[in-house]
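Open the model in your viewer and keep the selection tool ready. We will go stop by stop.

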Amino acid sequence: MGRVTERRRVVRIRGGVAGTRPDTLVAEEPLEIRLNGKPLAITMRTPGDDFALAVGFLVSEGVLASAAEVRAVTYCEGAAEDGSNTYNVVNVQLAPGVPLPDISLERNVYTTSSCGLCGKASLDAVRTATRFTGIAADPVRVSAALLGQLPDRLRAAQKVFDRTGGLHAAGLFTTEGELLDVREDVGRHNAVDKIVGRALQAGRLPLAGGVLLVSGRASFELAQKAVMAGIPVLAAVSAPSSLAVDLALETGLTLIGFLRGPDMNIYAGEERVTL
């Protein structure tokens, strides 16, 4: 399996003086996700938690809702020209009776580390119906004071970021501030998929009552992933997109942006945030 970090030579200039030194960079490699042996998508990711990433991605696509629907997840042997295993191709085999979605050119797209939905044929194609209903009725409440503490708690758990400075992170919290899981990746959507996939593998979906915090912005895609996993609260340290806000209003998701210490903007579901 690929390494999470790699070393590269860098010319470093400090105070007008140049010198060479090794630098630690976050690894970025392609991962092809196959479903029942057929290519579905390619994402650029940081190696690690690849099986969780694959099944988490399938949760966001509406294919999976429980671990019982997965027969097996394996790396594909012979992926390289010489027949060796690259550990960059993962096949998810569905359990008998689980319906196979239509795998067409509409979804068989290249997914970059910054945009997981590039290539979608239309907005309607990404408004996948969640298997977990009831987000709007989730009675969860969380205090604004506690929300303000979460970015620092997430940052403290980012071990690889400390070494590279080049990773996004996603953290799943309880409303009491307990950090249940944290994943890092070059793509924020991958970090969320890894969290959702690990929850599916542990039989913990839907993630009712949870608070998902992401570094960076809150895109439509991340809001969709939260809804698909049954997460009622999504917070981001940066701005949301207009479509993310629209989706939150439609589904009952609480969406928070610009979460920085005690300050934040609540774009939807403000009734869940207490002062």
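This tour begins with confidence and then turns to one helix and its partner.

**Stop 1: colour by confidence.** This is a predicted model. The mean pLDDT of the protein is 87. Of its residues, 86% reach 70 or more. Now select residues 233-236. This is strand β12, which has the highest mean pLDDT among the elements, 98. Next, select residues 123-126. Here is helix α2, with the lowest mean, 49.

**Stop 2: helix α6.** Select residues 220-228. Is this helix mostly covered or mostly exposed? Helix α6 is mostly covered, with nine of its nine residues buried. Click through them: F220, E221, L222, A223, Q224, K225, A226, V227 and M228. Then step on to G230, which follows α6. The phi of G230 is positive, near 80°.

**Stop 3: the partner.** The crossing of α6 past α7 is right-handed.

**Stop 4: the contact.** Show side chains for F220, A223, Q224 and V227 on α6. On α7, show L243, A244, L247 and T251. These residues make the contact. Six are nonpolar, two are polar and none is charged. Look at the spacing along a helix: an α-helix has 3.6 residues a turn, so residues three or four places apart point the same way.

How values were computed:
Residues numbered from 1 in each chain as written. Heavy atoms only, no water. Buried < 20%, exposed > 50% of the residue type's maximum accessible area, 1.4 Å probe, protein only. Helix = DSSP H or I, 4+ residues; strand = E, 2+ residues; numbered from the N terminus. pLDDT = per-residue confidence, 0-100. Left-handed = near helix turned anticlockwise from the far one by under 90°. Contact = heavy atoms within 4.5 Å. Nonpolar A, V, L, I, M, F, W, Y, C, P; charged D, E, K, R; others polar.
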